[in-house]
Amino acid sequence: MTPLELILGLVAAALGWLAWRDWREFRKLQRWAAQPRLTDPPEADGEWGEVFNDLHRHRRATLHRRRQLAQLIVRSRRGAEALPYGVAVLDGKYRLNWCNEAAHAHFGLDPERDRGQAIGNFVREPEFVEYLTAGDFSQPVRLESTRMRRQTLSLQIVSFGQEEHLLLSQDVTGAARMEEMRRDFVSNVSHELRTPLTVLSGFLETIHDLKLDATRVRDYTGLMVPQAERMTRLIEDLLTLSSLEHAPAPPPADRIAIRPLLERVRQEAVALSKNRHRVLLAVEGAHDLAGVEGEIASVFLNLVTNAVRYTPENGEVHIRWRSGEDGAEFSVEDTGIGIDPEHLPRLTERFYRVDRSRSRETGGTGLGLSIVKHALARHNAVLEVDSVPGKGSRFSTRFSATRLLAMPREAKV
Amino acid sequence: MGATEHISTAFEADLDTTRTRVLQMGGLVEAQILAAINAYVTGDAELIRQVIENDARVNGYEVAIDGACNQIVVRRQPAASDLRLIMAISKIVTDLERMGDEAKKIAKMAKQLHDQSTPTAQRFPAIRHAAETAVKMLRQALDAFARLDVAVAAEVLKEDSEIDAEFKSVLRELITYMMEDPRTITPALGTVWVAKAVERIGDHAKNVAEQVIYIVRGTDVRHTSFEDIERELSKE
């Protein structure tokens, strides 16, 4: 073998080795590159090693960033999930991309199943359909939900990014009801005051314009007095109500002698009934009540006079007081006309009338039960009503044991 | 289902738009029924007027959707499940329109009952309850249609018997009233009409649910007992 041949042979061998090494490293890289996310890049010496190290560092940084972004997404999803609003993310054609738990509750949307469906397929209330077609989203739209009974929702579409929208929804039932009550209250007060006032001014004009003899004048003024009384009663009730509402401090714990108070209430009921009903009083237990006498008296009186007013002739009204170690219960039960269950939740609203024509002729102001509710609340008690239409009603309340005082000796029978 | 397979084609877009319009019509009918029942309970004249007036919109939807269905059949000549969808939509729309008519009927009856100043005892809480069940059935049937969900559709079929039972109990109660006091006969008859309308609404909701099963399974489950349907559906 000549030296030249030897050199050539060595060179060939070296080249062969180099080629073989490159091919081997290249295969490693290729294998790794097929699934770069799962494994680290291969390791090697020399220049291949440097390249692999760079890849390694790059992969680490990418993974780190990816984890951070994933956490950010999770965090913002959780944030959207925790919002008290319904949030639905829609695409440019108002198709669902994602929604949170509240949106699910409001519209029955399922973020997985309903993805890609038009939002109008599930939010079908006509008001919303109109809102969507009109395309003016500057104001929210309010609608009665058909999915949730008697709930009012406020919906608004907010556009963001390129051709993307958010549908925000909020349960505004409470606010809507308050608004309605306030509107009703103002119109009711005006109406209740205007009716007697119209009568009064009518008579006044007559007396002023016509020359009437003294007896006629007396007749007319006689008719005017009850109207004036009614207005006075109404204003007194309004003042009572507002003083109850604006005095949230717990009432001083004065002793209220229960037996004499209940006896007085019974006599008033008998007087109002003019012996057309049987009014029965039963008192059990030897406790007095701690509270404000005027307020408790008006609770008892209101409930008892209501019972008399709404019970037909020959009916019965039972007034019961029972006190013991566990507290006291006051109840008024009648055999009257009863109340439809649909009215029960609204009974204590001011001027709420079950039957408009009836209650005014019986002389109520429409404020009695509101006063009862507020006065009881100040004594930590709640009004309960059970009623069967046509059979009768039972109004009751419980006072806690902490409000009871043992009756003084001489009062015990 | 079809909607996710080839979203981009104009044909799919046509189908999707029509589907959404059916559901919107359904939403209007839901609202009409609820309003009609409220009008029956409260006698609110404005509400009564609105329900009667809005029925024209329900009818408008029916005509428009039917027209769209015809267009699709003529221009696209759909086959298999797409054809079933179109056929079913055409029937569902008819049922929805009838439900709208029933709502209008209830509103008209509410007007009559309140004009006669019927005593409050004649407004039955049971009817409101049955009506709420009927609206719930319709809502479920529409949701089932949107999702092509056979399980929910089958549930609707079952609920219909609840309304039928409630209708019968209202009838019995009314009979006792009429026997007690002949003056209640006129308003009681009016109430029967309202109850019957509610019962019909339940029937139509059931039809819609049956169409959903037809779209998905291709089986006609009309006039089949619920047990047989359940057996049929559990096969797959």
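## Confidence along chain B

In this predicted model, helix α3 (residues 45-76) of chain B has the highest mean pLDDT among the elements of that chain, at 92. The lowest mean, 45, belongs to helix α1 (residues 2-5) of chain B. Over residues 1-8 of chain B the pLDDT is below 50, and this stretch has 10 contacts in the model beyond near neighbours in sequence. Where pLDDT is low, the predicted coordinates should not be read in detail.

For chain B as a whole, the mean pLDDT is 86, with 92% of the residues at 70 or more. At the level of the complex, the predictor gives an ipTM of 0.82 and a pTM of 0.67.

## Contact between the chains

The interface brings 21 residues of chain A into contact with 20 residues of chain B. On the chain A side, the touching residues comprise eight charged, seven polar and six nonpolar.

## Helix packing in chain B

Helix α5 (residues 125-147) of chain B and helix α6 (residues 150-180) of chain B have axes that come within 9 Å and cross at roughly 165 degrees. Why are α5(B) and α6(B) described as roughly antiparallel? Their crossing angle is roughly 165 degrees, and angles over 145 degrees count as roughly antiparallel; the two helices are therefore assigned to that class. The crossing of α5(B) past α6(B) is left-handed.

Residues that α5(B) brings to this contact include Ala126(B), Ala130(B), Ala134(B), Met137(B), Ala141(B) and Ala144(B). Those from α6(B) include Val152(B), Val156(B), Ile163(B), Phe167(B) and Val170(B). Charged residues also take part, among them Asp143(B) in α5(B) and Glu155(B), Glu159(B) and Glu166(B) in α6(B). By class, the contact consists of 13 nonpolar, four polar and six charged residues.

Helix α6(B) also packs against helix α7 (residues 185-217) of chain B, at an angle of about 170 degrees and with the axes 9 Å apart. This pair, α6(B) and α7(B), is therefore roughly antiparallel as well. The contact of α6(B) with α7(B) contains 21 nonpolar, two polar and six charged residues.

## The five-stranded sheet of chain A

Chain A contains an open sheet of five strands in the order β2-β1-β5-β4-β3, with antiparallel pairing. Strands β2 (96-99) and β3 (141-144) of chain A stand at the edges; each has a single partner strand, so one side of each is left without a neighbour in the sheet. From one strand to the next, the twist averages 25 degrees.

Strand β1 (residues 86-90) of chain A pairs with strand β5 (residues 164-171) of chain A over five antiparallel bridges, and Gly86(A) has Ser169(A) in β5(A) as its bridge partner. Helix α4 (residues 126-134) of chain A packs on the sheet, where α4 touches β3 and β4 (152-160) of chain A. The direction of this helix makes about 155 degrees with that of β3(A).

Strands β3(A) and β4(A) are joined in the antiparallel sense by four bridges, with Val141(A) partnered by Leu155(A) in β4(A). Between β4(A) and β5(A) there are eight bridges, again antiparallel. Here Ile157(A) stands opposite Leu167(A) in β5(A). The hairpin formed by β4(A) and β5(A) has three residues between the strands, and Gly161(A) takes a positive phi near 55 degrees in this hairpin.

## The three-stranded sheet of chain A

Another open sheet in chain A has three strands in the order β6-β8-β13, with antiparallel pairing. Which strands stand at the edges of this sheet? They are β6 (254-256) and β13 (404-406) of chain A, each with a single partner strand, so one side of each is left without a neighbour in the sheet. The twist in this sheet averages 45 degrees from one strand to the next.

Strand β8 (residues 287-291) of chain A pairs with β13(A) over three bridges in the antiparallel sense. Asp288(A) has Leu405(A) in β13(A) as its bridge partner.

Notes: Residues are numbered from 1 along each chain as its sequence is written. Chains are lettered from A and ligands numbered from 1 in the order in which they are written. This is a predicted model: local features need pLDDT of at least 70, side-chain atom pairs count only at pLDDT 80 or more; totals for chains, interfaces and linings use all residues. Two residues are in contact if their C-beta atoms, placed from the backbone, lie within 7 Å. pLDDT is the predictor's confidence in each residue, from 0 to 100. Two strands pair if DSSP finds at least two bridges between them. Axes are lines fitted to C-alpha atoms, for helices over the stretch in contact, and angles run from 0 to 180 degrees between N-to-C directions. Angles under 35 degrees count as roughly parallel, over 145 as roughly antiparallel, 65 to 115 as roughly perpendicular and the rest as oblique. A crossing is left-handed if the near helix is turned anticlockwise from the far one by less than a right angle, and right-handed if clockwise.
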